[in-house]
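This report goes through one protein model, from its salt bridges to its strand pairing, its nonpolar core and its surface. The sequence and coordinates are shown first.

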Amino acid sequence: MQRLTLSLLLVVISAVIGLGWGIDRWYSARFAAAEDPAFSAYKTLGTALALALDQQPGDLKSGLANIPLQPQLTSAENFPLPDDVKKQFIAGEPLLLESGDQLTLHFYLSSHQQILSLTLPEELHQDAQHSLRWLLTLLFYGGVILVVLVWLYPLLRRLSLLRKTAQAFGAGDLHLRIAPDAGSYIHSIELEFNRMAQRIEQLIADNKLLSRGLSHDLRTPLARLRFGLDVLQEEQLTTAQQQNLAHLNRDLTAMEALVEALLNYARLEQAVISFKPQALILADYIAHLHEDFYAGQVELRVDAEAMPVRVEVDPEYIAMLIHNLLQNALRYSTEEKKRSCVLLSLEWQAQGLVLAVEDNGPGIPAAEREKVLKPFYRSENGSSYRGHGLGLAIVVRIAEWHRASLILEESKGLGGLRASICLPIALLNDANR
C-alpha cells in the first residue's frame with residue numbers, strides 16, 4: 001500500500017506541476033503575442049490623444065474634459081515602474097495594467113513629465129479575461145483528471161481481475177489463482193489472496209478427509225457396538241443388567257446422532273460446489289414435503305399471492321432447510337407441551353417471499369438468538385435446548401447460499417419461536433423471467 005500511495009502522490013504532483021507549466025507556456029506562445037483588435041484600437045486612440053496633449057502647452061486638464069474614458073494625469077515621479085518596463089514606457093510604448101476588475105492604459109507625456117491613464121470599458125475586460133480564464137481552468141482540471149484516470153486504469157483492471165477471481169473462488173472453483181504481476185500496484189494483495197486461497201483449499205481438502213475418516217472409522221465401530229447390544233438383548237438378563245443395557249442403547253443412539261450431525265455439517269461445508277439452483281414453484285414443493293412427512297404433525301398455510309410464484313433455489317437444500325426447522329420446532333414444542341403445535345407458512349410480503357416455521361414451545365431468549373445460529377452452540381437455559389447445536393447453523397448456511405436471511409423472533413400466534421426465511425426479490429425475478 002505504501003507503493004500505491006507514493007505512486008498516486010507522485011502522479012498528482014507531476015500532473016499539477018506539469019500541466020500548470022505546460023498551459024502557461026502554451027498561453028505565452030499562443031495568446032500573449034496576439035492582441036485583441038479592441039485593445040489595438042484603444043492603444044491607437046490613446047497614443048494619438050497622448051501625443052496631442054503632450055504638444056499642448058499649459059494646463060492639460062482642460063483638454064480632458066470631454067473624453068469619456070475617465071482620463072487621469074499622474075506625475076511621473078508618483079508612478080514607479082521596474083527598470084526594464086520603464087525604459088520601454090518612456091520610449092513611447094503604451095502600458096496596459098489590470099487592477100481588480102479594471103483595465104487601464106497608460107501613456108508617457110515626455111514634455112510635461114506626466115502619465116496619462118485611460119480606463120477601458122468593463123465589457124472589454126470581461127470578454128478578454130473571463131472566457132479565457134474558464135477555458136484554461138477547465139483545461140487544467142480536465143488534464144489532471146485524464147492523467148489520474150490513465151494512472152488508475154491498470155489498478156482498476158487488476159482490481160476487476162481480483163474481484164472476478166474471488167467470486168469464482170467463492171462459487172466453488174477452489175483451484176483459481178491470480179497470476180501475479182510484479183508491476184501491479186496491488187502486487188502484495190494478489191500474493192496474499194493466492195496464499196489465502198491455498199490455505200482455504202487445503203482446509204477444505206482436510207475437511208473432506210476428516211469427514212471420510214469419520215464416516216468409516218466411527219460408523220464401523222458404532223455399528224459393531226449396536227450389533228453387540230442387539231445380541232445381548234436376546235440373552236436372559238437380570239433387571240439391573242437390562243437397565244444398564246438400556247442406558248448403553250440410549251448413549252449409543254446419542255453418539256450415532258452426533259456423528260451423523262457432524263458428517264452432515266462437514267458435507268454441507270463442501271456442498272457449495274454442487275449447489276445447483278433451479279426455478280420451481282415453492283408453494284407446490286412445500287405442499288409435497290408436508291404431505292409426505294408432516295401431514296399429521298404440522299399445519300400448513302400458503303398465502304394466495306404466494307401460490308404461483310417461482311423461485312430460483314436448490315430443491316435438495318431447501319428441503320434440508322425446511323426439515324431442520326420443522327424437526328427443531330416439533331422437538332422443542334413437544335418437550336414442554338403434551339401436544340405440540342407447529343405452523344409452516346408461506347406468504348408474499350414487500351421484501352420478498354417469506355417461509356416461516358412457528359411453534360408453541362418455550363422459544364429462545366432474545367439475548368441468545370444470535371448465538372444459537374453459530375455451530376455447536378447450546379443454551380444452558382434448560383432441557384428445551386438439548387441437541388448438537390448444528391440445526392440452525394445448517395439453516396443459516398443454506399440461506400446464505402440462496403442470498404436469503406434467517407430471522408428468529410417470538411411467534412405472536414403460538415407464543416413460541418418464529419423462524420422465518422426471506423427469499424429476496426432477485427431470486428423471484430430471476431426465476432420468473
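Arg158 and Glu190 form a salt bridge in which the closest N and O atoms are 2.8 Å apart. Arg158 lies in helix 4 (residues 122-170) and Glu190 in helix 5 (residues 187-217), so the pair ties together parts that are 32 residues apart in sequence. Arg158 is buried, with a relative accessible area of 9%, and Glu190 is buried with a value of 0%. The model is a predicted one, and these figures are computed from its atoms.

## Overall composition

The protein has eleven helices and eleven strands. Of its 433 residues, 36% are buried. Among contacts with a separation of 6 or more, 65% are between residues 24 or more positions apart. The accessible surface comes to about 26200 Å², and carbon and sulfur atoms account for 57% of that surface.

## Other salt bridges

How many salt bridges does the count come to? The count comes to eight. One of them joins Glu358 and Arg418, with the closest N and O atoms 3.0 Å apart. This pair links distant parts of the chain, since Glu358 is in strand 9 (residues 352-359) and Arg418 is in strand 11 (residues 417-424), 60 residues apart. Are the two residues buried or exposed? Glu358 counts as buried at 9% relative accessibility, and Arg418 is buried with a relative accessible area of 13%. Both residues belong to a network of salt bridges that links Glu347, Glu358, Glu409 and Arg418.

Another salt bridge is formed by Glu299 and Arg301, where the closest N and O atoms are 2.9 Å apart. Here Glu299 is partly exposed, with a relative accessible area of 37%, and Arg301 is partly exposed, with a value of 46%.

## Strand pairing

Strand 10 and strand 11 pair in the antiparallel sense over six bridges. Within this pairing, Ile407 has Ser420 of strand 11 as its bridge partner. The hairpin of strand 10 and strand 11 has six residues between the strands, and Gly415 in this hairpin takes a positive phi near 90°.

Strand 5 (residues 278-281) and strand 7 are also antiparallel, paired over four bridges. In this pair, Ala279 stands opposite Glu312 of strand 7. Which residues make up the covered face of strand 7 (residues 310-313)? Val311 and Val313 form the covered face, whereas Arg310 and Glu312 form the uncovered one.

In soluble globular proteins, nonpolar side chains tend to be buried together. The largest nonpolar core in this model has 44 residues, of which Leu282, Leu321, Leu406, Leu408 and Ile421 touch the most other members. At least two residues of this core come from each of helix 8 (282-293), strand 7, helix 9 (315-336), strand 8 (342-349), strand 9, helix 10 (391-401), strand 10 (405-410) and strand 11. Helix 9 gives the most, with nine residues.

Leu408 can be taken as an example from this core. Leaving aside neighbours within four places in sequence, Leu408 is in contact with Ile364, Arg369, Val372, Leu373, Leu392, Leu417, Arg418 and Ala419. Among these contacts is Arg418, which also forms the salt bridge with Glu358.

Leu105 lies in strand 3 (residues 102-109). Leu105 counts as buried at 1% relative accessibility. The C-alpha atoms of Leu105 and Leu116 are separated by 8.1 Å, and the two residues are eleven residues apart along the chain.

## A nonpolar surface patch

Which residues form a nonpolar patch on the surface? The patch consists of Leu8, Leu9, Val12, Ile13, Val16 and Ile17, which together have about 480 Å² of accessible area. Leu8 is placed in helix 1 (residues 2-32). At 36% relative accessibility, Leu8 counts as partly exposed.

Key
Residues numbered from 1 in each chain as written. Predicted model: local features only at pLDDT ≥ 70, side-chain atom pairs only at ≥ 80, totals over all residues. Heavy atoms only, no water. Buried < 20%, exposed > 50% of the residue type's maximum accessible area, 1.4 Å probe, protein only. Contact = heavy atoms within 4.5 Å. Areas by Shrake-Rupley, 256 points an atom, 1.4 Å probe, with all protein chains shown as cover. Salt bridge = Lys/Arg side-chain N within 4 Å of Asp/Glu carboxyl O. Pairing = 2+ DSSP bridges. Patch = residues over 30% accessible without salt bridge, like charges linked within 9 Å, V, L, I, M, F, W, Y side chains within 5 Å. Core = buried A, V, L, I, M, F, W, Y, C linked by side-chain atoms within 4.5 Å.
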